[in-house]
Amino acid sequence: MRLSKRTVLMVGALAALLGGLVQPAFADYALNMPQGVTDTSRDIYGLHMTILWICVAIGIVVYGAMFYSIVKHRKSRGVQAAQFHHSTALEILWTVVPLVILVAMAIPATGVLVDMEDTSDAEMSVKVTGYQWKWHYEYVDEGVGFYSNLDADSQEARRLGASRKPQSVENYLLNVDNRLVLPTDTKVRLLITSNDVIHAWWVPDLGWKKDAIPGYVNATWTQINEPGVYRGQCAELCGRDHGYMPIVVEAKTPEDFKAWLAEQKGGAANTAGGDAGADAGQQTVGTDTETVEDQSDPAGETTARADTGAQGGGSDSAAGGMTKEALMSQGQQVYSARCVACHQADGQGMPPTFPALTGSAVVTGPVDDHLDMVINGSAGTAMQAFGPQLSDAEIAAVVTYQRNALGNDTGDVVQPSDVQAAR
Ligand SMILES: [Cu+2]
């Protein structure tokens, strides 16, 4: 077989180019999917690799035969084309061979799929609810539940014209204020649903993603083998801030997890006490929380771990209410964690969709209307009802903050008891 010099040169150059491109790429990026930290994720990885190599083998055989034939039977060698146009044997062969290959691949794949759906024998359950744009986790039967928002550093750096650069934030857009903590070596059932639009819960190291659909509960499970922190994201385009609702799972040993859970229960009780009993009914968790089926109204669950300073701000409030300073500082924290995504840090909003709060008629008008807007939201808009999401102290703080900052100066101080009354 004689190839012209030019062909040899071209093939050589192409190979060098590909080699040059591929080499550094392998060094810098993880091109392949992760193996993950669960048996399921490893099974999935194994399937992926098996099928990849089957495809590679098929590719080599098919392209090898093709190029061999093209070169071997080229016109310049005087080869005449064969003229037959029907071969039953050949047709049966090229139907049966792929069929056998497909069935051979489907058998192990089906086993893994069936296993992934099998939530029986789960040792505990966590209900995961997607919100625009955050997640809510509820440890079923434990009376522990909380929201998980984008962390404050990412929140700060994501803003247009922010002083912080995204590069300076560790795990930029992949960090949250409250992690989903799970025990290792424990089969955990996850009940995934949504409060508004379709989201999807996806942590690559666990091996799967699952849609969170309003009105449905998708059950799945995981059993994490190694303690560690595993990050993921919402995987279903769910609106403007789809990219800002990451997921962080922290796997702890069962002992550490127990300690963590006990701490969460203790923390919730403290906060309820800190609110001077006025809204104890709202905040006491465990005994009187809603059931799993009630998706629309997680009221009564604790928001104590919202890291927005509920404990700090609330605990120094005697029955007489909170000081304006305490309300303002907690209010600023709540505002930057929960409101800036739409109303912006300076309160200018993004009109016409997201109204400015600076000089807003609602914010500078009667307190009752302002409270009503924050507690009940505005139906049909992105302004959701924060009543079920925030404690009385948090709402009082953020409302006080909005009325006395962001360019507003009404002088009004709103107390948790006012919020309780307005609910
Ligand atoms: Cu989403």
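Biologist: What percentage of the 423 residues in the protein is buried?
Modeller: This is a predicted model: local features need pLDDT of at least 70, side-chain atom pairs count only at pLDDT 80 or more, and totals for chains, interfaces and linings use all residues. Residues are numbered from 1 along each chain as its sequence is written. I call a residue buried if 20 or more other C-beta atoms lie within 10 Å of its own, exposed if 12 or fewer and partly exposed in between, with C-beta atoms placed from the backbone. Of the 423 residues in the protein, the buried ones make up 32%.

Biologist: How many helices and strands does the secondary structure come to?
Modeller: Both are DSSP runs numbered from the N terminus: helices are H or I with at least four residues, strands are E with at least two. For this protein, the tally is twelve helices and ten strands.

Biologist: Among contacts between residues at least 6 apart in sequence, what percentage joins residues at least 24 apart?
Modeller: A contact here is a pair of residues whose C-beta atoms, placed from the backbone, lie within 7 Å. Take such pairs at least 6 apart in sequence, then keep those at least 24 apart, and the share is 67%.

Biologist: Let's look at the helices. How are α2 and α3 arranged, roughly parallel or roughly antiparallel?
Modeller: Axes are lines fitted to C-alpha atoms, for helices over the stretch in contact, and angles run from 0 to 180 degrees between N-to-C directions. Those of α2 (residues 39–72) and α3 (residues 88–117) come within 10 Å and cross at roughly 170°. Angles under 35 degrees count as roughly parallel, over 145 as roughly antiparallel, 65 to 115 as roughly perpendicular and the rest as oblique. So α2 and α3 are roughly antiparallel.

Biologist: How many of the 30 residues of α3 are buried?
Modeller: Helix α3 is hardly covered. Go through its 30 residues and the count of buried ones is zero.

Biologist: And how many of the 13 residues of α11 are buried?
Modeller: Helix α11 is mostly covered. Its buried residues include Asp392, Ile395, Val399 and Arg403.

Biologist: Which residue with a positive phi follows α11?
Modeller: Step past the end of α11 and look for a phi near 60°. That positive value belongs to Leu406.

Biologist: How do α8 and α11 lie, roughly parallel or roughly perpendicular?
Modeller: The axes of α8 (residues 324–343) and α11 (residues 392–404) come within 7 Å and cross at roughly 95°. Residues making the contact include Leu327, Met328 and Tyr335 of α8, together with Ala393, Val398 and Tyr401 of α11. Given that angle, α8 and α11 are therefore roughly perpendicular.

Biologist: What is the bridge partner of Gly232 in β10?
Modeller: Strand β9 (residues 228–234) and strand β10 (residues 247–252) run antiparallel and are joined by five bridges. In β10, the partner of Gly232 is Ile247.

Biologist: Is Asp141 buried or exposed?
Modeller: Asp141 is in the loop between β2 and β3 (144–148). Its phi is positive, about 75°, although Asp141 is not a glycine. Because Asp141 has 11 C-beta neighbours inside 10 Å, it counts as exposed.

Biologist: Where does Leu173 lie?
Modeller: Leu173 has a positive phi near 65° and is a residue other than glycine. With 18 other C-beta atoms within 10 Å, Leu173 is partly exposed. Its place is the loop between α4 (152–157) and β4.

Note on methods
Two residues are in contact if their C-beta atoms, placed from the backbone, lie within 7 Å. Two strands pair if DSSP finds at least two bridges between them.
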